[in-house]
Every structure is written in structure tokens, then in C-alpha cells.
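Open the model in your viewer and keep the selection tool at hand.

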Amino acid sequence: MTLAIIPCKHFSDTFYNSQGLFILPDFIMAQSSIVQTWSKFLFAGTVTVYVGPHRKKMEIHKKLLASISPELNKLVNNDMKEGIEGVIHLPEEGEDLINLFTEWAYTGEYKMKEGQLSTTAKDPYMGMGQLPQYRDIWSILRMYLELYIFSDKFNIPTLMKLAKAKFYTEISSITIAGDSHVLGLISILEYAYDKFSHSDPICLYLARDSASKLKSLWRKDNFIKFASNRPEFMKEFLANLTPRKVKAAPA
């Protein structure tokens, strides 16, 4: 291997300290640190994750997974058979969910768009005539809630906060137009109130958001049925209704 000796004139004076000693600038040190960190992840091996009831197999870098939370570290590093063999079983989680979690683990972000094909959709040519399942806004909102639950389960506050923020942003921008939107909203309400305590910030937000959409919901039988069967929701919903201004009767 040939080493190149670079004359000092090729370096800026700012690369030297007051004693005249050469120092690496911060951006080079930062890049070096990133490379070292990724090297630790990439060359420390992987664990095999079996996802969902059908045990879909995937691989993820061991040290990366262990670094995310203490709970995941215990899954990866333990003296049980799975820990020794480097195997993790997640039978209750779906493939889409774990794909998004993995995307976030490696990049710090995840993205979903309407019209995007679900990773668990049936092949349109191999699925006995079933059409592929494309994501709509309600399936995206449901996935945000699943990520919120997953993050809480494995104590990942950063991801939990991100999922909640994305959920709030998306649902607050929806204008209820037609029965399909009402059914979509009810599916989200039912899922949230089945999975969370009624005092969870998600449930409280949904009740407040529904109150802001009263004009589109108040005559919908499906919504009235849901609200009637959920007293906790109804209480928060009614508390957040904006009183209508009533014109005074003429004297």
C-alpha cells in the first residue's frame, strides 16, 4: 500500500491550534465518528426476527437493535436459547409495522403515502384474483397507532413521540366528506378506544378532533351509535363542543 505525504501548504491555517499542532476540523471528526459507529453495527452480526403469525423472516443488525431501548437489548442479549441463537419472535406485530420500525431504526424517519402498495398485499397475479391493497389515509392512521403501541411496548420514547405527532398532523387535516370518511374515522376511534385507556392523549385528542368535525358527524347514524356506546368518549366530546351562537328573538 502506498502512503501519500501531503505538504502542509495544502491545509488551511485553521487546521492548526495555537501551539502550531495539526488538528482535524469538527466536520471530519464527526464523519469519522459516524463511520466508527456504523462499523460497530455492521460488523457485530445480525439477529433473525420472525414477524407475525406466519413467521416472516428478516434480519437486523444486532448492536443497532440493542441500542434502541433496554427492552430490545434484553431481547437481543440474554442467556436463553433465543438470545444465544440470535433469534427474536414478534408474533403479534405485522410485517408493515416492522418494516416501518426498521426504516426508522436505520434512518431516524419513516414515510407512508396514500396509494402506496402495502408490503403485505397479495400479489395481483398470484392471489386468487384478489386486488393489491393500497394504503389510504385511514390505514396510514391505523399504522401510526400501531407504531405508537409498539413504541410503548418496547420503551422507545423517540419513536412513540414521532408516531403520535404524525398521527395528530394527519387526522387534523382530514375533512369528513361522505359516509366512507365517517366509517374510516369510526374505525380509528374504535381501534384507539379498544387499545388505549380513555385518558390516553391519543383518545383525548380524537374526542376533541371529532368535536371540531361536529357539522359533518352529528347526523351520521354510525357515529351516533359509536358515541352512545362509549361514555368516556361522549364526555370528552361534549366538553369540547363550541357553543353555537343563537340569535336573540325579535322583541
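Which element gives the most to the lining of the second largest pocket? The element is α6, with five residues. Keep in mind during the tour that this is a predicted model.

**Stop 1: the second largest pocket**

Select E92, E93, G94, L97, R142, E146, I149, F150, K153, Y191 and K195, which line this pocket. Two or more lining residues come from each of α6 and α8 (179-195). The space inside is about 200 Å³. Now color by domain. The second largest pocket lies between domain 1 (30-94) and domain 2 (135-243), because both give residues to its lining.

**Stop 2: a residue on α6**

Next select L141, in helix α6 (residues 137-153). Is L141 buried or exposed? Its relative accessibility is 0%, so L141 counts as buried. Show its surroundings: leaving aside residues up to four places away in sequence, L141 touches F167, E170, I171, I174 and I188. Pick I171 from that group and draw a distance between the C-alpha atoms. L141 and I171 are 7.4 Å apart in space, although 30 residues separate them in sequence.

**Stop 3: F167 and the core**

Move to F167. With residues up to four places away in sequence again left out, F167 touches L141, Y144, L145, I188, I202 and L206. F167 and F101 have the most contacts inside the largest nonpolar core, which has 61 residues. To this core α6 gives the most, with 10 residues. The core lies between domain 1 (30-94) and domain 2 (135-243), since both give residues to it.

**Stop 4: the cavity**

How many cavities of 30 Å³ or more does the structure hold? There is one. The largest cavity has about 90 Å³ of space. To find it, select V49, M58, I60, L65, L72, L75, I88, L90, I98, F101, T102 and F150, the residues that line it. F101, from the previous stop, is among them, and F150 also lines the second largest pocket. At least two lining residues come from each of β2 (56-61), α3 (70-76), β3 (87-90) and α5 (95-107). Of the elements, α5 gives the most to the lining of the cavity, with three residues.

How values were computed: Residues are numbered from 1 along each chain as its sequence is written. This is a predicted model: local features need pLDDT of at least 70, side-chain atom pairs count only at pLDDT 80 or more; totals for chains, interfaces and linings use all residues. Side-chain values use heavy atoms; hydrogens and water are left out. Helices (H or I, at least four residues) and strands (E, at least two) are DSSP runs, numbered from the N terminus. Buried means under 20% relative accessible area, exposed over 50%, partly exposed in between (1.4 Å probe, protein chains only). Contact means heavy atoms within 4.5 Å. On a 1 Å grid over the protein atoms alone, a cavity is a set of points where a 1.4 Å probe fits but cannot get out, and a pocket is an open set with protein on both sides within 12 Å along at least five of seven lines; lining residues have an atom within 4 Å of a point. Grid points are joined across faces, edges and corners, and a volume is the space filled by probe spheres set on the points. A nonpolar core is a set of buried Ala, Val, Leu, Ile, Met, Phe, Trp, Tyr and Cys residues joined through side-chain atoms within 4.5 Å. Domain bounds come from an automatic or database domain assignment.
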